[in-house]
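Grab a pencil and get ready to look around a protein model.

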Amino acid sequence: MPWHELFTVFIATASATLAAVLLLWLLSIRLRDVSIIDMAFAAIIAAVILLAWRIGAPAGEAPVLIVALVSIWALRMTVYLVRRNWGH
């Protein structure tokens, strides 16, 4: 991947991560509960890897497998943490 494409992926994923964390931080101030970041952590990682995959457009089956496995892990982790922390 050429440097300019890699830089584009980096800027997009860093911006998306910053926006998500900033919104969660503002929400945590309003709710007075900073634990919401724990529940959203895995989902943010899944969103970042999906964004990087879409922008970078890597060829082959390995990137698809990695995105699928990370997405499954993120879904499982997010559901577990939301169920554990809901109402506390």
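A quick word on ground rules: residues are numbered from 1 along each chain as its sequence is written, and side-chain values use heavy atoms, with hydrogens and water left out. Because the model is predicted, local features need pLDDT of at least 70 and side-chain atom pairs count only at pLDDT 80 or more, while totals for chains, interfaces and linings use all residues.

**Exercise 1. Find out in which helix confidence is lowest and in which it is highest.**

Step 1: pLDDT is the predictor's confidence in each residue, from 0 to 100.

Step 2: Take the whole chain. Its mean pLDDT is 92, and 99% of its residues reach 70 or more.

Step 3: Go helix by helix. Helices are DSSP runs (H or I, at least four residues), numbered from the N terminus. Helix α2 (residues 36–56) has the lowest confidence, with a mean of 92, and helix α1 (residues 3–31) has the highest, at 94.

**Exercise 2. Work out how α1 and α2 run relative to each other.**

Step 1: Look at the axes, which are lines fitted to C-alpha atoms, for helices over the stretch in contact; angles run from 0 to 180 degrees between N-to-C directions. The axes of α1 and α2 are 9 Å apart, and the angle is about 160°.

Step 2: Under 35 degrees counts as roughly parallel, over 145 as roughly antiparallel, 65 to 115 as roughly perpendicular and the rest as oblique. So α1 and α2 are roughly antiparallel.

Step 3: A crossing is left-handed if the near helix is turned anticlockwise from the far one by less than a right angle, and right-handed if clockwise. For α1 and α2 the crossing is right-handed.

Step 4: See what the contact is made of. Nonpolar covers Ala, Val, Leu, Ile, Met, Phe, Trp, Tyr, Cys and Pro; charged covers Asp, Glu, Lys and Arg; the others, Gly among them, are polar. The contact of α1 with α2 has 16 nonpolar residues, five polar and no charged.

**Exercise 3. Decide whether Leu 24 is buried or exposed, and name what it touches.**

Step 1: Leu 24 sits in helix α1.

Step 2: Check the area. Buried means under 20% relative accessible area, exposed over 50%, partly exposed in between (1.4 Å probe, protein chains only). At 17%, Leu 24 is therefore buried.

Step 3: List the partners. Contact means heavy atoms within 4.5 Å. Leaving aside residues up to four places away in sequence, Leu 24 touches Ile 36, Ile 37, Ala 40 and Ile 44.

**Exercise 4. Trace which residues Gly 56 touches.**

Step 1: Gly 56 belongs to helix α2.

Step 2: Its relative accessibility is 15%, so Gly 56 counts as buried.

Step 3: Beyond residues up to four places away in sequence, Gly 56 touches Met 1 and Val 9.

Step 4: Now try Thr 8. Gly 56 and Thr 8 are 48 residues apart along the chain, with 8.6 Å between their C-alpha atoms.

**Exercise 5. Say which loops hold Arg 32 and Ala 57, and describe their phi values.**

Step 1: Arg 32 is in the loop between α1 and α2. Its phi is positive, about 55°, although Arg 32 is not a glycine.

Step 2: Arg 32 has a relative accessible area of 79%, so it is exposed.

Step 3: Ala 57 is in the loop between α2 and α3. Phi of Ala 57 is near 45°, again a positive value in a residue other than glycine.

Step 4: Ala 57 is exposed as well, at 55% relative accessibility.

Conventions:
Helices (H or I, at least four residues) and strands (E, at least two) are DSSP runs, numbered from the N terminus.
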